[in-house]
Amino acid sequence: MARVVLRGVTKKFGEVVAVRDFNLEIEDREFVVFVGPSGCGKSTTLRMVAGLEEVTSGEIYIGDRLVNDVPPKDRDIAMVFQNYALYPHMNVYENMAFGLKLRKFPRHEIDRRVREAAAILGLENLLGRKPRELSGGQRQRVALGRAIVRNPKVFLMDEPLSNLDAKLRVQMRTELAKLHQRLQTTTIYVTHDQVEAMTMGDRIVVMKDGVIQQVAPPQELYDRPANVFVAGFIGSPAMNFLRGRIVVEGDRTVFDGGALRIHLNGALRQPAAAYAGKPVILGIRPEDIEADPAFVETHPGTRVESVVEVVEPLGSEVYLYLRAGEHNLTARVDPGLRVQDGDRLTIALNTDKVHLFDPETERAIR
Ligand code: ATP
């Protein structure tokens, strides 16, 4: 069993609280991603699991063993960093074998493990090369190989792909996912890239200012963000946020945003009604703004008159930057829609996909 459990883990550097009361149970075989902006405490949390940083308070368990006082080398973990720091004078084989040699593994066992890892990573033909004779992607694979040969209980990865160019990063992302399917080793993966988090994680831990904002599988994070921060952080282009207030008119619950008035139906109606007369923030993702005339026609209650400020064609889709009174909106629409800068455009919001947030707490209203 290689569960990893963090209980009330806090880390202070002097006055700075880098991580605050972090609670998480990572299941055996799970691939969990820590994501958040620079300085949110994700690396510090990973380094505490690794034993490279002492916890100020709280407990960390790896495979049911309390490891607070266990040195890194005895924690049965393997780390992969962004600067993979291969030994330049050693060839690929020696780089992968090095950690096992230090641990005094018998030579035949080292050989078996290195060749097995090389086969998994497609490095069989490169074993004699020095790091400088490898591409960035190949070097990163060697760094992974070094972790794999250890056969650890847990992989800890800190932005392992961030030194690679965009194309290679996408490719390595898939390779890492396949590797995890094959080895099933419990993995904690740190990144600031929400796309990486969404595509790789079984579950994602979103952090901000040292505090967990939400823990959820990718789709749930996208569909049901717990607060404004998560809603704005996950998804590209980002969710639109509109300030307004809730008005209840007879049996109608309306979001009144000045230039736009949206009738709220479905699941949101009841919770929204509790905010009658109060300010709220309405969130709508760019793809949930509809410009298709047939949709707009049939959804009079969520229609918005807008002016197209910028059209950004991306081939498979088009981003429209719209202005509706005092509000700016980004919409993601079908490239078949013929519009130009300066055009007037009537859009409609898909109210099933509308989010509401309390402006004071910034929490989702449900
Ligand atoms: P990044 O993506 O930039 O690496 P991060 O989310 O991994 O950011 P951390 O490196 O964990 O963030 O840092 C969290 C906070 O702790 C930051 O405010 C950082 O300045 C502070 N911090 C980290 N390490 C130390 C240290 N050794 N001494 C003092 N403060 C530190």
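**Figure 1. Overview of the predicted model.** Among contacts in the protein between residues at least 6 apart in sequence, 66% join residues at least 24 apart. The model shown here is predicted, and its secondary structure comes to ten helices and 20 strands. Along the principal axes, the C-alpha trace spans about 80 × 45 × 35 Å, and buried residues make up 51% of the 366 residues in the protein.

**Figure 2. The largest nonpolar core and the surroundings of Met96.** In soluble globular proteins, nonpolar side chains tend to be buried together. The largest nonpolar core of this protein has 47 residues, of which Met96, Val114, Leu176 and Tyr189 touch the most other members. When residues up to four places away in sequence are not counted, Met96 touches Val114, Ala118, Leu123, Leu127, Val142, Gly145, Arg146 and Val149. Another core lies apart from this one and consists of 30 residues, among them Ile284, Leu320, Ile347 and Val354.

**Figure 3. The packing of helices α2 and α4.** Helix α2, which covers residues 92-102, packs against helix α4, residues 136-148, at an angle of about 30 degrees, and their axes are 8 Å apart. Angles under 35 degrees count as roughly parallel, and α2 and α4 are therefore described as roughly parallel to each other. Their crossing is right-handed. On the α2 side the contact is made by Val92, Asn95 and Met96, while α4 contributes Val142, Gly145 and Arg146. Met96, seen here at the contact between the helices, is also one of the residues that touch the most other members of the largest nonpolar core.

**Figure 4. An open sheet of five strands.** The strands of this sheet follow the order β15-β19-β16-β17-β18, and their pairing is antiparallel. β15 (289-290) and β18 (327-333) stand at the edges and have a single partner strand each, so one side of each is left without a neighbour in the sheet. Strand β17, made of residues 318-324, pairs with β18 in the antiparallel sense over seven bridges. Within this part of the view, leucine 320 stands opposite alanine 331 in β18; Leu320 is also among the residues of the core of 30 residues.

**Figure 5. Helix α1 and the glycine that follows.** How many of the nine residues of helix α1 are buried? The helix, residues 42-50, is mostly covered, with seven of its nine residues buried, namely Lys42, Thr44, Thr45, Leu46, Met48, Val49 and Ala50. After α1 comes glycine 51, whose phi is positive, near 90 degrees.

Definitions and conventions:
Residues are numbered from 1 along each chain as its sequence is written. This is a predicted model: local features need pLDDT of at least 70, side-chain atom pairs count only at pLDDT 80 or more; totals for chains, interfaces and linings use all residues. Side-chain values use heavy atoms; hydrogens and water are left out. A nonpolar core is a set of buried Ala, Val, Leu, Ile, Met, Phe, Trp, Tyr and Cys residues joined through side-chain atoms within 4.5 Å. Buried means under 20% relative accessible area, exposed over 50%, partly exposed in between (1.4 Å probe, protein chains only). Contact means heavy atoms within 4.5 Å. Two strands pair if DSSP finds at least two bridges between them. Helices (H or I, at least four residues) and strands (E, at least two) are DSSP runs, numbered from the N terminus. Axes are lines fitted to C-alpha atoms, for helices over the stretch in contact, and angles run from 0 to 180 degrees between N-to-C directions. Angles under 35 degrees count as roughly parallel, over 145 as roughly antiparallel, 65 to 115 as roughly perpendicular and the rest as oblique. A crossing is left-handed if the near helix is turned anticlockwise from the far one by less than a right angle, and right-handed if clockwise.
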